[in-house]
Amino acid sequence: RAVRAFDESFERTRRLRELAVSEARLAATLRASFDAVLAVDERERIVFCNAAAERLLRAAPGGLTGRHVGAVAAPEHRERMLAGYRRFVAEPRTAL
């Protein structure tokens, strides 16, 4: 019984380590991408913004993190952009 618990604990630790490595690899890829990448949480807050997006949006490094996704659109386009974003979140296969 103790051996089984040890094996399960070891396996869980191994999987968590693999997940951490995978997440680090993805984050590095997204940071290095020449394409603008934003990640947004369920509250519509920006949780990740790579350097290409910051350049495109003329934002200081880290300046968009924590802001509402609507902040990236010009005021005259904000409602239309948010409507498209919300459609995409509700049904990811639809076009923005």
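## One side in, one side out: helix 3

In helix 3, the residues L82, G84 and Y85 are buried; buried means under 20% relative accessible area, exposed means over 50%, and partly exposed is in between, with a 1.4 Å probe and protein chains only. They span an arc of only 160° around the axis, which puts them on the same side of helix 3. That arc is taken from the directions that run from the helix axis to the C-beta atoms. On the other side of helix 3, you will find E79, R80 and A90 exposed. The buried residues of helix 3 pack against strand 1, where contact means heavy atoms within 4.5 Å.

Helix 3 has 13 residues and reaches 18 Å from its first C-alpha to its last, close to the 18 Å expected at 1.5 Å a residue. The expected span is 1.5 Å times one less than the number of residues. Helices (H or I, at least four residues) and strands (E, at least two) are DSSP runs, numbered from the N terminus.

## What kind of model this is

You are looking at a predicted model, in which local features need pLDDT of at least 70, side-chain atom pairs count only at pLDDT 80 or more, and totals for chains, interfaces and linings use all residues. Residues are numbered from 1 along each chain as its sequence is written, and side-chain values use heavy atoms, with hydrogens and water left out.

How many salt bridges does a search of the whole structure find? The search finds six. A salt bridge is a side-chain nitrogen of Lys or Arg within 4 Å of a carboxyl oxygen of Asp or Glu.

R14 and E11 both lie in helix 1 (residues 2-32), three residues apart, about one turn of the helix. R14 and E18 are both in helix 1 too, four residues apart, again about one turn. An α-helix has 3.6 residues a turn, so residues three or four places apart point the same way. R14 is partly exposed, with a relative accessible area of 28%; E11 is partly exposed at 26%, and E18 is partly exposed at 45%.

Now turn to R86 and E44, whose side chains meet in a salt bridge of 2.7 Å, N to O. R86 lies in helix 3 (residues 78-90) and E44 in the loop between strand 1 (38-40) and strand 2 (46-49), so the pair ties together parts that are 42 residues apart in sequence. R86 is partly exposed, with 41% relative accessible area, while E44 is buried at 13%. Elsewhere, salt bridges that share partners join E11, R14, R15 and E18 into one network.

## Positive phi angles

Most residues other than glycine have a negative phi. E44 has a positive phi of about 70° although it is not a glycine. R58 also has a positive value, near 55°, in a residue other than glycine. R58 is found in the loop between helix 2 and helix 3. Is R58 buried or exposed? R58 is exposed, with a relative accessible area of 79%.

## A buried charge: E54

E54 sits in helix 2 (residues 51-56). E54 is buried yet has no salt bridge, and the nearest side chain of opposite charge, R55, is 6.9 Å away. For charge, Lys and Arg count as positive and Asp and Glu as negative, while His and the chain ends are not counted. Leaving aside neighbours within four places in sequence, E54 is in contact with C49, A59, A60, P61, G62 and G63.

N50 is in the loop between strand 2 and helix 2, and N50 is buried, with a relative accessible area of 1%. What does the side chain of N50 reach at 3.0 Å? The side chain reaches the backbone nitrogen of A53. A polar atom of the N50 side chain also lies 2.9 Å from the backbone oxygen of L30. Beyond neighbours within four places in sequence, the contacts of N50 are L30, R31, S33, D35, A36 and V37.

Terms used
Polar contact = N/O pair within 3.5 Å; in protein donor to acceptor, adjacent residues only side chain to side chain.
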